[in-house]
Amino acid sequence: MTHITEAPIRHKGTAVNEDAVAGIPRQDYRLSLANLSIAFIALLVGGIAGLLQGFVRSGFLELPSWISYYALLTAHGVLLVLVLSSFFSIGYLYAGTSRVLGGLASKTIAFGWTGFGLMTVGTVIAAFFILAGDANVLYTFYTPMQAHPWFYIGLALIVVGILLNCIGMFITYQSWRKRNPGQLTPLFAFFSNAVFVLWVFASLFIAVFVVGFVIPWAFGWVPTIDPMMGRTLFWAFGHTLVNIWMLTSISAWYVSMPKIIGGKVFSDSLARVAVVILVVANVPGGFHHQILDPGLSVELKFLHVIQTFMIIFPSLMTAFAMLATMERAGRAKGVTSLLGWWKVLPWSDARFFALIVAMFAFIPAGLGGIINASNQINQVVHNSIWVTGHLHLTVGTTVMLTFFGISYWLIPYLTGRKMTRTLNRLGIIQTIVWASGMLIMSGAMHANGLLGSPRRTADTTYNGHSAASEWATYEMFMAMGGVILFIGIVLLIYIWAQLAFFAPKGDTDFPIGEDYRPADASPLFMDRWAIWVALGTLSIAIAYVIPLLDFASGHTPGSPPFLMP
Ligand code: HEM
Ligand SMILES: [Cu+2]
């Protein structure tokens, strides 16, 4: 209780969940901290793999024979994009929801711990088989490349664990609604619920793929597998995962950033509409990863490109809302000049600084996304290291820097400590280091990709072929950026350890912004998730029914397994 300096404010969200022991109990904190700690370990190990990859590609390092480049790259992808992001989102969203709803239901805690246990065991199993060299299939595990069956069982356990966390979140959300009839749920809880709804959509696709197709095939119970079915199910999951990170990140932009800069939430209804569009329109975006796949007709691809571009609207709405929030906060401080509000933003607050740099990174990241998803230009960049440059800007910079910024209040909030001035300064330096490292590495990846350098290759010299000669400089810059990034990881782990164990005791609140005008609040039907889930299912059906029935009709030849060295 001592960490709560004020009662939750928004929408009279003060009602305490009666299922919770008293206010916001310690057990909520412990669950969140457990999730965050796995995320931190994943960042460290995944980061080491990334550093080595840069060295290998640029020719600075030759790996010992007991570990393959693809084992490293699989560890990098799985640990960073599956493990780190999932554990972090759960730790953060559970903590914030507990904060605004006055505690988590005790059943939620039970589901949360069971989910955490399964996810952790799954991660350990998957990591073991990756490092043993029995799962060189990369984080996309495209079939017919085949890994050890237990690698897939590890992944399946992670997915089941996530689903249990979803149930946990829905229990708290619904129990709050039942206790507060006629009231809108607080905006943070709305975001949180949306993320877990997306998790359900994503998990169902990947569960069908892993449990229904891959595991029986990996054990040899069925001889062949249809690669197109696999790619389609995987990307319905993989792309949704991307929006799970984005939605998690923008929850901090919409809800916490206003409070940090001394302003208010620009518009509750704008925020909720953006959330709902992401939930409803997101899943079919998976097809933009398959623009060059055979087996999908041009007409279908045209439909999918349109569905992908739906995601641009909430992105632009978010850009507008963020700038409007900042301008209003400045005007409230008495700034009258056209752009003077920009100067009075709290640039020296690491929580804000990390978030705003993340937002800036989203501008080139989003533009790159539009390029990738465009049918014609995709042909130029497809499977080149440009794509890797893009994902280091999106998840590697926008999402990661937001997560880092969040952790500057989340960890001390959970551990009952305070961010000191020194740690705050280190946080600013960390942000600059991370952004510069990514700028160099991702910039070089983009340029190199345009020159044709492929992604997912250890050897970038192509046996001395002249076409490859232009790539070397960029590969070197990539490795340099990687070193800077690794320094960023070390700095971050230091700050996290300080905030968790050594910073002075004190009150840190979870920043939750208030509405400008309560009249801006959304109508109550926004909380009726049945509507949004139904619309989401409809948009999924429009995109997926035809191709999946087509693949299931059995006219595509199956493939026997390929074991990857
Ligand atoms: C020390 C920091 C990092 C370094 C040095 C690094 C380096 C690299 C390199 C060199 C590759 C390309 C390998 C290839 O295609 O041959 C790569 C791929 C990738 N990185 Fe990173 N990275 C770092 C951090 C991150 C972070 C924080 C994330 C996301 C949270 C991330 C996500 C990915 C993903 C998803 C891939 C694609 C994997 C694949 O193609 O299977 N990386 N990274
Ligand atoms: Cu995507």
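Two residues are in contact if their C-beta atoms, placed from the backbone, lie within 7 Å.

**Entry 1: the whole chain.** With that in hand, I looked up the contacts in this predicted model. Counting contacts between residues at least 6 apart in sequence, I found that 87% join residues at least 24 apart. I then listed the secondary structure, which comes to 16 helices and 2 strands. The radius of gyration is 23 Å, close to the 24 Å that the globule rule gives for 565 residues, so I can call the chain as compact as a globular protein of that length. Along the principal axes, the C-alpha atoms fill a box of roughly 60 × 50 × 45 Å. I also checked burial: 53% of the 565 residues count as buried.

**Entry 2: helix 6.** Next I picked helix 6, residues 227-260. At 1.5 Å a residue, its 34 residues should span 50 Å, and the end C-alpha atoms are 48 Å apart, which agrees. I did find a kink of about 30 degrees at Tyr 254, shortly before Pro 258. Is helix 6 mostly covered or uncovered? It is mostly covered, with 33 of its 34 residues buried.

**Entry 3: ligand 1.** Which residues are closest to ligand 1? I found 29 residues around the ligand, the closest being Gly 50, Leu 80, Arg 455, Gly 482 and Leu 485. Helices 1, 2, 13 and 15 each supply at least two residues of this shell, and helix 13 gives the most, with 7. Sorting the shell by class, I got 15 nonpolar, 11 polar and 3 charged residues.

Conventions. Residues are numbered from 1 along each chain as its sequence is written. Chains are lettered from A and ligands numbered from 1 in the order in which they are written. This is a predicted model: local features need pLDDT of at least 70, side-chain atom pairs count only at pLDDT 80 or more; totals for chains, interfaces and linings use all residues. Helices (H or I, at least four residues) and strands (E, at least two) are DSSP runs, numbered from the N terminus. The radius of gyration is taken over C-alpha atoms; the globule rule is 2.2 Å times the number of residues to the power 0.38. A residue is buried if 20 or more other C-beta atoms lie within 10 Å of its own, exposed if 12 or fewer, and partly exposed in between; C-beta atoms are placed from the backbone. The expected span of a helix is 1.5 Å times one less than its number of residues. The bend at a residue is the angle between axes fitted to the seven residues ending there and the seven starting there. A residue is near a molecule or strand if its C-beta atom, placed from the backbone, lies within 6 Å of it. Ala, Val, Leu, Ile, Met, Phe, Trp, Tyr, Cys and Pro count as nonpolar, Asp, Glu, Lys and Arg as charged, and the others, Gly among them, as polar.
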